[in-house]
Amino acid sequence: MAEVKRGKAAFKFCFWLVASVALFGYIIYTYNSGQMIRWYYYTASLDGYAIDANQSMNATKDKPVVLSIRKQDQVDGLVAIPVSKGDRLPKSANGVISLAEVKAGKRAVVQGETIKVTVPWQIKEAKGFKFKDTFKHKGIRTNPWAGLWNVAMVLTLGLSLGLVAEGFTDLMGYKIEKIQHGH
Amino acid sequence: MFDFAIAGVQAPIFLLVLVGLTVGIVGGFIGVGGGYMVTPALIVFGFPGYMASGIDMTHIAGKGLVSTVRHRQLGNIDWTLALSMIAGTMLGVELGVRLLVYFKHLGISGVVLLVTSVAVMFTLFLYTQFETSRAHKKMEEMEKAGEKLGRELQTSSLPTYFQALPLAPIVNCRTARVIVSMWVIVLVGMVTGVLAGFLGVGGGFIRVPALVYVVGASTHIAVGTDLVEIVVSGAYGALRHSIEGNVDLMAVLFMITGAMIGAQVGSIATSYVRGPAIRYILSYSLILATLGAALRLIYVLTGQNVEWLSLAAVVLTLGEMIFLCLFISSLVWFAVRRRAGKWVPDWVAPLVV
Amino acid sequence: MKWFLNSMLGYWVLLLAISLGAAAIIYEIWLKGRV
């Protein structure tokens with residue numbers, strides 16, 4: 001009887017261990033291949049210019065970063081690609097400078113065929129702690145199916161990790177007895 | 001250091017795993033999501049404020065499920081109670097989020113949030129600490145008198161009142177051995193949900209005391225059952241946050257790596273202690289979280305100028321996580337020693353099994 | 001020293017001191033100058 005139980009425990013442990021490792025691997029693969037990032041920076045949520053916010057991170061009023069406005073498929077270097085609300089974002093874009101922002105002219109200004117970025121980030125506060133709020137993540141919309149995928153991945157991972165552990169303690173012969181409640 | 005392409009920060013992997021581990025231990029033991037510790041920690045690590053909440057909620061869903069699987073095995077989940085609460089909880093969270101948005105339009109949400117957090121957590125701390133000390137004293141007297149101690153002892157008279165309310169339908173929670181009106185359960189879910197949605201946390205540290213002191217469930221059942229709610233509300237929160245673009249799944253992954261061990265340790269640790277021990281840890285987490293929130297409130301109110309306040313809040317937030325894990329581990333260690341017949345401090349003896 | 005073990009409050013103070021110390025070290029090594 002003990003042998004059958006051990007066998008079952010071993011199977012449970014191995015099965016869910018393989019499932020967990022496979023899930024981890026799949027998620028990491030999705031990240032490394034860029035798929036996760038492409039789902040995240042999916043479409044533009046407003047009209048403006050798609051940019052790589054990293055390029056202008058160190059801009060200042062005295063040393064602004066100049067981006068050339070061009071229509072192309074990919075943000076490579078100091079470029080700003082015009083987008084309308086709902087357009088798919090160009091590759092490598094991670095933020096959108098909105099037309100409203102450019103009209104206000106405080107953080108970025110259009111000059112002919114270029115955009116001059118002078119204030120790339122601001123200090124914001126959440127839960128009593130300060131953080132840098134940049135152009136990154138602004139004006140972008142993620143793929144809603146990616147949201148569902150996130151949740152599915154996390155729940156499946158949680159379940160399989162929980163069952164690996166259950167299989168492990170069963171295999172080790174660690175006795176888990178149900179607590180009898182009722183004061 | 002790992003380059004998080006989605007969050008747009010570089011953060012140390014070790015710290016993310018450590019946070020997952022410590023919050024996993026605490027969460028598995030007292031039935032909380034741990035968001036009130038994790039979100040500030042993530043902001044300090046460099047994640048933008050909006051992503052800190054999203055990453056936290058998503059990791060809570062996964063970690064909560066790990067704990068739930070173990071608590072199910074331990075017999076700490078009353079499914080009747082859990083499922084009855086879900087609708088109330090979800091509605092409550094939605095209302096709480098709308099309340100938050102309303103206050104945001106008035107432009108005073110940051111301070112209002114911190115003040116509400118401090119008030120709620122401090123009140124819960126006072127009641128929980130007071131009741132648990134009374135229960136602890138009673139258990140010490142019972143042990144001295146040679147009486148056998150059960151797994152739970154609770155000295156509040158609130159559950160008797162709520163269980164007597166004759167509002168149909170009346171529900172029989174078999175595992176918890178509680179018979180109570182469905183409306184009481186739904187009310188608990190709704191009130192805790194509103195607070196959770198408004199304060200932006202999982203709600204465990206409100207729901208566990210509510211389950212114990214209002215519904216009258218034992219602490220172990222409250223912990224296990226609450227974790228089910230946390231998985232559901234965490235998954236819903238994770239979905240909403242993901243669609244808003246607030247989730248970096250790689251950060252979640254690193255945290256779950258720590259949480260998968262932590263959640264096991266915390267959940268299994270509950271089988272080494274009696275109810276009041278869990279309530280003590282819950283009250284400690286409440287007072288430390290209150291202190292952390294109070295420090296941040298003072299920092300914000302003084303115009304964010306007094307830098308050492310911010311530093312103190314960071315150290316307190318991190319220290320709180322480590323403290324709770326050390327205390328929980330101590331309780332297990334003392335339990336093992338007592339089972340082996342070795343010496344343990346007098347105050348520990350009635351708390352462990 | 002005995003008070004830190006024999007009294008619940010003492011034990012609480014002892015663990016909190018250790019934890020805050022560890023947190024301060026973590027802050028010093030990894031988090032200084034981040035925000």
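This briefing covers the domains, sheet, core, chain contact and selected residues of the structure above.

The model is predicted: local features need pLDDT of at least 70, side-chain atom pairs count only at pLDDT 80 or more, and totals for chains, interfaces and linings use all residues. Residues are numbered from 1 along each chain as its sequence is written, while chains are lettered from A and ligands numbered from 1 in the order in which they are written.

**Domains of chain A**

- Chain A is assigned domain 1 (2–35 + 145–171) and domain 2 (43–141); such bounds come from an automatic or database domain assignment.
- Taken over C-alpha atoms, the centres of domain 1 and domain 2 of chain A are 40 Å apart.

**Sheet of chain A**

- An open sheet of 6 strands in chain A has the order β5-β2-β4-β3-β7-β6, with mixed pairing.
- The strands at the edges are β5 (95–98) and β6 (108–111) of chain A, each with a single partner strand, so one side of each has no neighbour in the sheet.
- On average, neighbouring strands of this sheet are turned by 35 degrees against each other, direction ignored; the axes are lines fitted to C-alpha atoms, for helices over the stretch in contact, and angles run from 0 to 180 degrees between N-to-C directions.
- Strands (E, at least two residues) and helices (H or I, at least four residues) are DSSP runs, numbered from the N terminus, and two strands pair if DSSP finds at least two bridges between them.
- Strand β3 (residues 65–69) of chain A runs antiparallel to β7 (residues 114–117) of chain A, with 4 bridges joining them; here A:L67 stands opposite A:I115.
- With β4 (residues 79–83) of chain A, β3(A) pairs in the parallel sense over 2 bridges, and A:I69 stands opposite A:A80.
- Strand β2 (residues 48–51) of chain A and β5(A) are antiparallel and share 4 bridges; A:A50 stands opposite A:V96 in β5(A).

**Largest nonpolar core**

- The largest nonpolar core has 168 residues, of which A:A50, A:I51, B:V26, B:I281, B:I328 and B:L331 touch the most other members.
- Helix α12 (residues 307–339) of chain B gives the most to this core, with 16 residues.
- Domain 1 and domain 2 of chain A each supply at least three residues to this core.
- A nonpolar core is a set of buried Ala, Val, Leu, Ile, Met, Phe, Trp, Tyr and Cys residues joined through C-beta atoms within 7 Å.
- Not counting residues up to four places away in sequence, A:I51 touches A:S56, A:L67, A:V75, A:A80, A:A93, A:G95, A:I97 and A:F135; contact requires C-beta atoms, placed from the backbone, within 7 Å.

**Contact between chains A and B**

- The contact takes 54 residues from chain B and 43 residues from chain A.
- On the side of chain B that touches chain A, the elements giving two or more residues include α2 (35–45), α3 (49–74) and α5 (109–144) of chain B.
- Helix α3(B) gives the largest share of that side, 12 residues.
- The residues of the side of chain B that touches chain A comprise 30 nonpolar, 18 polar and 6 charged; Ala, Val, Leu, Ile, Met, Phe, Trp, Tyr, Cys and Pro count as nonpolar, Asp, Glu, Lys and Arg as charged, and the others, Gly among them, as polar.

**Selected residues**

- B:S84 lies in helix α4 of chain B and is buried, with 24 other C-beta atoms within 10 Å.
- A residue is buried if 20 or more other C-beta atoms lie within 10 Å of its own, exposed if 12 or fewer, and partly exposed in between, with C-beta atoms placed from the backbone.
- Leaving aside neighbours within four places in sequence, B:S84 is in contact with B:V171, B:M182, B:I185 and B:V186.
- B:A87 is also placed in helix α4 (residues 79–106) of chain B, but is partly exposed, with 14 other C-beta atoms within 10 Å.
- The peptide bond from B:A168 to B:P169 is cis, with omega near 0 degrees, and B:P169 is in the loop between α6 (158–163) and β3 (170–173) of chain B.
- A:S92, in the loop between β4 and β5 of chain A, is not a glycine but has a positive phi near 70 degrees.

**Chain C**

- Chain C has 2 helices and 0 strands, and 11% of its 35 residues count as buried.

Definitions and conventions
Two residues are in contact if their C-beta atoms, placed from the backbone, lie within 7 Å.
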